[in-house]
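Subject: Handover of a structure and its findings

Dear colleague,

Please find below the structure that I am handing over to you. My notes on what was found in it follow directly after.

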Amino acid sequence: KGGVVDNRTSGPLADGLADLAGRLQRAGKTVILIGPIEQPNFEVASEYSRQLAYGRPHHNPDHRARSVFDARHGAALARLARLPDVRLIRPDKVQCEGQQCRFILAGRALFSDGNHLAQGELWRFAPLFVGVADAR
């Protein structure tokens with residue numbers, strides 16, 4: 001204890017979440033986990049709108065390779081998906097299609113900044129949550 005945790009592959013996070021899910025279930029709680037998304041780590045809406053308005057080329061990508069997301073989170077998501085009686089919601093299934101995890105969808109910024117989803121794009125994720133509150 002007291003050391004630095006290597007969380008590059010989300011393994012320790014998955015271990016902690018699995019432990020917490022078990023504790024909550026033993027206390028009689030329903031456990032619902034919301035998985036990660038690929039974050040751009042740059043101001044998507046601000047940068048893209050300025051670049052479009054002023055005709056400048058894009059310096060940041062509009063997506064990241066799905067393989068990057070999978071390398072970071074794949075094993076942890078697989079482990080969490082195997083937890084008994086835990087509902088795992090996967091927003092990456094909306095963001096990532098084929099081999100790309102997009103930051104811009106249908107010409108609209110999915111992120112309001114470098115790591116928060118844009119309020120105007122939350123509708124894309126709403127179907128993932130249908131019936132979740134009723135699941136017991």
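In these notes, two residues are in contact when they have heavy atoms within 4.5 Å of each other. With that cut-off, the buried residues of α1 pack against β1, α3 and β3 (86–89). Please bear in mind throughout that this is a predicted model.

Overall layout

The protein has 4 helices and 7 strands. Read from the N terminus, the order of these elements is α-β-α-β-α-β-α-β-β-β-β. Along the principal axes, the C-alpha atoms fill a box of roughly 55 × 40 × 25 Å. The protein has 136 residues, of which 32% count as buried. As for contacts between residues at least 6 apart in sequence, 69% of them join residues at least 24 apart.

Helix α1

Helix α1 consists of 16 residues. From its first C-alpha to its last it reaches 23 Å, close to the 22 Å expected at 1.5 Å a residue. Its buried residues are A14, A18, A21 and G22. Viewed down the axis of α1, these buried residues fall within an arc of 100°, so they line one face of the helix. Just after α1, G28 adopts a positive phi of about 85°.

T9 belongs to the segment before α1. Is T9 buried, partly exposed or exposed? Its relative accessibility is 44%, so T9 counts as partly exposed, given that this class lies between the 20% limit for buried and the 50% limit for exposed. Apart from neighbours within four places in sequence, T9 is in contact with A71, R72 and A76. T9 and V130 are 121 residues apart along the chain, and their C-alpha atoms are separated by 29 Å.

The largest pocket

The largest pocket holds about 180 Å³ of space. Its lining is made up of 13 residues, and those that lie nearest its centre are L13, L17, P36, H73 and L80. The elements that give two or more residues to this lining are α1 (11–26), β1 (31–34) and α3 (66–81). Which of the elements gives the most to the lining? That element is α3, with 4 residues.

Helix α2

The buried residues of α2 are V44, Y48 and Q51. They cover an arc of only 65° around the axis, which puts them on the same side of α2. What covers these buried residues includes β6 and β7. The face of α2 turned away from the buried side carries the exposed residues A53 and Y54. Just after α2, G55 takes a positive phi of about 65°.

Residue D92

D92 is placed in helix α4 (residues 92–95). With a relative accessible area of 0%, D92 is buried. Leaving aside neighbours within four places in sequence, D92 is in contact with P36, I37, R66, F69 and L77. One of these partners, P36, is also among the residues that lie nearest the centre of the largest pocket.

Positive phi outside glycine

N41 has a positive phi of about 60° although it is not a glycine. N41 is located in the loop between β1 and α2 (44–54), and at 59% relative accessibility it counts as exposed. A106 likewise has a positive phi, of about 50°, and is not a glycine. A106 lies in the loop between β6 (104–105) and β7 (108–109), and its relative accessible area of 74% makes it exposed. The strands on either side of A106, β6 and β7, are also included in what covers the buried residues of α2.

With kind regards

Terms used. Residues numbered from 1 in each chain as written. Predicted model: local features only at pLDDT ≥ 70, side-chain atom pairs only at ≥ 80, totals over all residues. Heavy atoms only, no water. 1 Å grid on protein atoms, 1.4 Å probe; cavity = no way out; pocket = protein on both sides within 12 Å on 5 of 7 lines; lining within 4 Å. Points joined across faces, edges and corners; volume = space filled by probe spheres on them. Expected span 1.5 Å × (residues − 1). Buried < 20%, exposed > 50% of the residue type's maximum accessible area, 1.4 Å probe, protein only. Arc of directions from axis to C-beta.
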